[in-house]
Amino acid sequence: METCTVKTDFTRTERLPIRVFPQPTDAAKVVADEIAQAIREADSSERHFVLGLATGSSPVDTYDELVRLHRDEGLSFEKVTVFSLDEFYPISPEQLQSHARFLHEHLIDHIDIHPDNVHFPDGTIDRENAAAYCSDFEAKITSAGGIDFQLLGVSRIGHIGCNEPGSDPGSRTRLITLDRVTRIDAASNFFGADNVPRHAITMGVATILEAKRIVLLAFGEGKSQIIRRTVQDDDHWSIPSTFLQRHAAADVVVDQSAAAALTRFARPWSLGPIAWDDAMTHRAVIDMALRSEKAILKLTEADYNEHGLQDLLADHGSVYDINLRVFRRLHATITGWPGGKPDSRKEAGDRPGHRDDLFPKRILLFSPHPDDDVISMGGTLIRLVDQGHEVHIAYQTSGNIAVFDDDALRFAEYAADFCREFEIRAEGLDELESHVDEFLRNKNPGQVDSEPVQRIKALIRRGEAREGARCCGVPDEQLHFLNLPFYQTGRVRKKPLSQDDIRLTVDLMRRVRPHLIYTAGDLSDPHGTHRTCLRAVLQSCLQCQQDDWYSDCQVWLYRGAWQEWPVERIEMAVPLSPDEVKRKRNAIFKHESQKDRALFPGSDMREFWERAESRNADTAAKYDTLGLAEYAAIEGFVRWDGQSGLTV
């Protein structure tokens with residue numbers, strides 16, 4: 001995100017105080033420090049401090065920092081009382097997806113808090129006793145003196161706690177029916193939407209607003225639109241998070257990605273004078289052209305005036321010169337030779353690429369899951385192979401948790417039948433078949449797979465990855481299945497990235513010695529795997545930066561499975577013909593376990609091939625609208641700057 005100087009007051013558009021940090025870890029440290037300071041002040045006054053806790057991915061780094069402060073700096077929780085915001089219903093506190101278990105694993109079990117001071121909504125109470133139980137929970141909060149500091153996350157539809165759209169600002173702790181979108185968003189944790197409870201016990205909006213201090217955390221581009229609405233729209237029952245505008249000591253803490261849709265970042269020139277550099281000019285002119293649905297070279301002085309860009313004209317002269325400069329910069333992103341074009345193939349007007357003298361190149365494509373390569377950059381992958389480059393694909397994780405149980409059972413039965421048909425003796429085969437059959441037929445909703453079942457599911461996805469890569473022309477010997485250790489939990493929640501993950505990645509880089517690295521920058525992946533895999537690649541690049549081969553290497557970030565790069569950020573646009581779109585689709589189809597219905601679809605219920613084609617076609621349509629050549633589809637890439645993203 002480019003920085004700019006806006007000489008105006010953000011309160012023109014922002015109704016809630018908001019603090020923006022470069023990375024989630026930066027934000028977490030500041031919030032944890034504030035909580036720690038408040039706890040110490042309360043302790044010095046010999047009074048208890050009451051802390052409201054949220055679950056989800058947003059507060060995890062804050063909890064990690066609080067644990068560190070306790071362990072390394074002596075922060076005591078002996079006089080702290082905690083209340084959890086909400087809990088699924090029905091659910092036992094020991095179940096993997098329980099909010100109580102989440103908070104124990106991330107915070108409670110690692111600090112010196114007294115068990116009697118820990119209060120979680122009980123997901124096992126009888127339905128007929130729910131109302132009385134919720135009233136008692138409210139009374140406990142009141143008896144404790146009210147909540148001093150309430151942490152919140154926010155869903156993409158704006159619920160806080162489990163107060164879904166339609167919740168009354170006067171609501172109290174209660175049993176609530178979960179919104180369909182909420183259940184879809186929770187599907188990954190429960191290994192399928194059908195396993196997500198339909199109800200939850202939650203503090204009410206009024207309960208939350210009575211806290212003396214409130215901080216809402218949100219990170220990642222997937223939260224950018226709801227943060228914009230929470231901070232900039234009027235408060236309304238359809239977006240419960242907007243009720244925080246009524247609180248005198250509530251603010252929002254986000255990273256740059258979650259802040260991206262705020263006017264001050266999305267269209268800062270609309271708020272007042274700014275410093276116009278080339279990057280900001282590029283953004284503003286493309287934004288104006290797309291809003292006007294006009295080609296860049298057709299923009300007029302009237303368009304600039306109507307879109308508040310008079311200062312740009314004053315600073316940089318004629319409309320013609322600005323339009324032409326932006327058009328040329330955007331046109332320069334288009335290339336049909338993403339790996340570079342050798343002199344023997346160049347034609348008049350071709351622009352130089354990265355080290356065109358190195359041809360063919362060695363290319364290393366990192367795919368977080370076994371299908372991200374073909375979903376997100378399948379067309380470019382096909383182009384690189386067809387143009388003669390040595391392409392390697394590194395599948396960073398097995399992707400085994402995304403395989404349906406029925407598929408695992410079918411493959412296990414096939415393997416057993418195959419051995420019997422051809423009279424192949426395999427020790428333990430009958431026992432394995434019996435275990436898989438018994439385990440899967442008696443598996444509880446959300447239960448973690450046994451180790452043999454996990455391995456079977458990993459084999460299914462490995463076979464699909466091979467078939468998808470073969471469709472693109474990549475030979476088997478250039479496929480690398482890393483199985484990074486952080487992923488090997490059998491659960492949606494993974495282990496932290498470790499040196500073992502980095503070592504495996506570095507070792508592969510040094511074997512391949514690539515001239516080009518492609519890695520996923522698709523950070524809206526709701527499960528966090530893409531984020532961790534990106535960090536593994538970028539930290540490995542830092543370890544290799546003194547190697548002789550690395551000076552010739554470029555790192556490119558692709559997207560597509562969960563989102564696409566906006567046009568103004570694209571630095572390399574690879575156009576696809578209709579035939580290449582079909583070849584890409586066929587490669588995606590080889591991932592049969594993800595076909596028709598993915599186990600973890602996220603917020604977009606379309607199949608992955610439909611999402612990819614739609615996003616690629618939309619990017620091409622925007623280039624066409626802006627006055628460039630009309631293509632069937634475009635895959636966009638952004639070059640890594642060598643620093644950002646290391647702590648995503």
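**Close-up views of the predicted model**

**View 1. Asparagine 400 counts as buried, at 5% relative accessibility.** The model shown in this and the other views is predicted. Asparagine 400 belongs to the loop that runs between β12 (390-395) and α14 (405-421). Leaving aside residues up to four places away in sequence, asparagine 400 touches Gln454, Lys457, Ala458, Arg461 and Tyr487.

**View 2. Tyrosine 133 and phenylalanine 137 form a tilted ring pair.** In the whole structure, a search finds 12 aromatic pairs. For tyrosine 133 and phenylalanine 137, the ring centres are 6.4 Å apart and the planes stand at 35°, so this pair is tilted. Tyrosine 133 and phenylalanine 137 are 4 residues apart in helix α4 (residues 130-143), and about one helical turn therefore separates them. Tyrosine 133 is buried, and so is phenylalanine 137. Ring pairs also bring in Phe83, giving a cluster of Phe83, Tyr133 and Phe137.

**View 3. Phenylalanine 418 and phenylalanine 422 form a tilted pair.** Their ring centres lie 5.0 Å apart, with the planes at 45°. Phenylalanine 418 has a relative accessible area of 35% and is partly exposed. Phenylalanine 422, with a relative accessible area of 55%, is exposed.

**View 4. Arginine 559 lies over the face of tryptophan 565.** The distance from arginine 559 to the ring centre of tryptophan 565 is 3.6 Å.

**View 5. The charged end of lysine 595 sits over the ring of phenylalanine 589.** Here the distance to the ring centre is 4.8 Å.

**View 6. Helix α9 packs against helix α12.** Two packed helices are described by the angle between their axes and by the distance between those axes. For α9 (residues 278-292) and α12 (residues 319-331), the angle is about 95° and the axes are 10 Å apart. The two helices are therefore roughly perpendicular to each other. From α9, the residues in contact are Asp278, Ala279, Thr281, His282, Val285 and Ile286. They meet Ile322, Asn323, Arg325, Val326, Arg329 and Leu330 of α12. Sorted by class, the contact of α9 with α12 has 6 nonpolar, 3 polar and 3 charged residues.

**View 7. Tyrosine 89 and proline 90 are joined by a cis peptide bond.** Omega of this bond is about -5°. Proline 90 is in the loop between β4 (86-89) and α3 (99-106).

**View 8. The peptide bond from phenylalanine 359 to proline 360 is cis.** Its omega is near 0°. Proline 360 is placed in the loop between α12 and β11 (362-367).

**View 9. Glutamate 46 has a positive phi, near 55°, and is a residue other than glycine.** The loop holding glutamate 46 runs between α1 (24-44) and β2 (49-53). With a relative accessible area of 68%, glutamate 46 is exposed.

**View 10. Asparagine 483 is not a glycine, although its phi is positive, at about 50°.** Asparagine 483 is found in the loop between β13 (479-481) and α17 (499-512). Its relative accessibility is 30%, and asparagine 483 counts as partly exposed.

Technical notes: Residues are numbered from 1 along each chain as its sequence is written. This is a predicted model: local features need pLDDT of at least 70, side-chain atom pairs count only at pLDDT 80 or more; totals for chains, interfaces and linings use all residues. Side-chain values use heavy atoms; hydrogens and water are left out. Rings of Phe, Tyr and Trp (its six-membered ring) pair if their centres lie within 6.5 Å; planes under 30 degrees apart count as stacked, over 60 as edge-to-face and the rest as tilted. Buried means under 20% relative accessible area, exposed over 50%, partly exposed in between (1.4 Å probe, protein chains only). A charge sits over a ring if NZ of Lys or CZ of Arg is within 6 Å of the ring centre and within 35 degrees of the ring normal. Axes are lines fitted to C-alpha atoms, for helices over the stretch in contact, and angles run from 0 to 180 degrees between N-to-C directions. Angles under 35 degrees count as roughly parallel, over 145 as roughly antiparallel, 65 to 115 as roughly perpendicular and the rest as oblique. Contact means heavy atoms within 4.5 Å. Ala, Val, Leu, Ile, Met, Phe, Trp, Tyr, Cys and Pro count as nonpolar, Asp, Glu, Lys and Arg as charged, and the others, Gly among them, as polar.
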